Amino acid sequence: METEGSNGAEVRQTTCCVVGGGPGGAVLALLLARKGVPVVLLEAHEDFDRDFRGDTIHPSVLELMDALGLSERLHRLRHSKIHTGTVMTPGGPLTLVDFRRLKTRFPYIMMLPQRDFLAVVVEEAARHPSFRLLMGARVEELIEEDGAVRGVRFEKDGRPHEVRATLTVGADGRSSRVRLLAGFEPVKTSPPMDVLWFRLPRREGDPEGVFGRFGGGHGFVFLDRGDEWQIASLILKGSYRNVRASGIAEFRRTLAEAVPQFAERVGLLKDWKQVSMLSVESSRVKQWFRPGLLLIGDAAHVMSPVGGVGINYAVQDAVVAANVLAEPLTDNTLTTGHLREVQRQREWPTRVIQAIQTQMQKRVIATALDPTRAFRIPLLLRLLTRVPYLRDLPARIVGFGVRKVSVKD
Ligand SMILES: Cc1cc2nc3c(=O)[nH]c(=O)nc-3n(C[C@H](O)[C@H](O)[C@H](O)COP(=O)(O)OP(=O)(O)OC[C@H]3O[C@@H](n4cnc5c(N)ncnc54)[C@H](O)[C@@H]3O)c2cc1C
């Protein structure tokens, strides 16, 4: 329902206002809408198009999509599948992650453009009459009354708008405006690297899946995208300017030296415009909620790219939030206790995975990026790959996180 406020703003009333149409916000909006909870999803951009924003759909998200009847629709879209993650060592390839042994209908990571995933999620949400999506709606302010958040203000098509809601969810990503407006300060750790993303064609005889080549001051990770490779070049934190100053020819030379098989195609990298820089962050807010407000996904915790679990975790937050909140939102009995429960269920899996990522960054990536140190896969990791029960642990943690979640019906 829309009315006009005293300041001329269009005022829309709803039960849950979700700010940010990324994987976390879109999935939460869908899950609430299918429970009949009135929900407005606000997305700052006019479309879902975004390059290099993570196109990985993990087994846990595929199981969720299956439970919602959407997995076939996703599989009909153009995608590729990653079954293994391998590190190329001087002694030969070492497979650290093998999804094929997981007990799931989806023993792989599906590589699907994030825009296609989001399109399927919001199309499905739009089948429910309680769902509204507003694109091009960049939230600028929170509405606060009596110490509680009661909605948001934004401009759309040059006009002021307000959405008033029982609950506002900040799912607006790593630079969350909602988090800032609510006064939450993320506690940051310092990953040792940044990442440069680019693409090169895949050729016959290339390896399959994900593979990495580390050492001698460099780290490269190759993600199989069917007919092309999406490649991450790990560089020392803050060194992008220097890498660029050395020139694209030097960058090509480094890649060709690290992975000689690619020497014949590195010439296709002609310009820095083909390269996209990700400033790697890892952080977490101490408290994910205030009366009337909850943060989920990257807004609550920015994940390092190690293991590529950011989307997985954002979607799992959404599932838990919907499981815990749908009923009190429907009955109008929502308390901060419910919001605390979402944080209780999601904070420890986030802490555990961030601790694992920190160890991987220190022991694997920092060593690889230091040209003065000899690179070796840590003994513990090598042992993991040999012990029958333990060898499936990395695939389980990457594929499902440390705590499996499923939709409550
Ligand atoms: C370059 C890069 C590569 C990545 N690769 C991977 C990967 O391979 N695998 C993986 O799992 N993760 C990857 N990630 C991380 C992953 O993208 C995030 O963890 C995940 O998208 C988090 O989902 P989210 O819904 O919390 O936030 P986001 O996906 O960041 O979505 C937030 C949404 O909020 C919108 N928004 C922002 N501000 C406002 C506002 N004021 N008002 C309204 N809307 C707003 C944004 O436009 C965006 O659509 C990558 C991230 C980056 C930056």
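The axes of helix 8 (residues 310–331) and helix 9 (residues 336–368) come within 9 Å in this predicted model and cross at roughly 160°. Helices here are DSSP runs of H or I with at least four residues, numbered from the N terminus. Axes are lines fitted to C-alpha atoms over the stretch in contact, and angles run from 0 to 180 degrees between N-to-C directions. Helix 8 and helix 9 are therefore roughly antiparallel to each other, a term for angles over 145 degrees. Their crossing is right-handed, meaning that the near helix is turned clockwise from the far one by less than a right angle.

Several residues form this contact (heavy atoms within 4.5 Å). Helix 8 contributes Y313, Q316, D317, V320, A321, V324, L325 and P328. Helix 9 contributes H338, L339, E341, V342, Q345, R346, P349, T350 and I353. By class, the contact has 10 nonpolar, four polar and three charged residues. Ala, Val, Leu, Ile, Met, Phe, Trp, Tyr, Cys and Pro count as nonpolar, Asp, Glu, Lys and Arg as charged, and the others, Gly among them, as polar.

Q316 of helix 8 is buried, with a relative accessible area of 3%. Buried means under 20% relative accessible area, with a 1.4 Å probe and protein chains only. Not counting residues up to four places away in sequence, Q316 touches S60, R346, F400, R403 and V405.

The largest nonpolar core has 76 residues. Helix 8 gives the most to this core, with 11 residues. Such a core is a set of buried Ala, Val, Leu, Ile, Met, Phe, Trp, Tyr and Cys residues joined through side-chain atoms within 4.5 Å. L42, M65, F117 and L294 have the most contacts inside the largest core. Leaving aside neighbours within four places in sequence, M65 is in contact with V27, L70, S71, L74, F117 and V121. Another core, of 30 residues, lies apart from the largest one and includes V97, L102, V195 and L384.

In helix 1 (residues 23–33), 11 of the 11 residues are buried, so this helix is largely enclosed by the rest of the structure. In helix 2 (residues 59–67), the buried residues are P59, S60, V61, L62, L64 and M65. G69 follows helix 2 and has a positive phi, near 75°.

Residues are numbered from 1 along each chain as its sequence is written, and side-chain values use heavy atoms, without hydrogens and water. In this predicted model, local features need pLDDT of at least 70 and side-chain atom pairs count only at pLDDT 80 or more, while totals for chains, interfaces and linings use all residues.

Note on methods:
Helix = DSSP H or I, 4+ residues; strand = E, 2+ residues; numbered from the N terminus. Parallel < 35°, antiparallel > 145°, perpendicular 65-115°, else oblique. Buried < 20%, exposed > 50% of the residue type's maximum accessible area, 1.4 Å probe, protein only.
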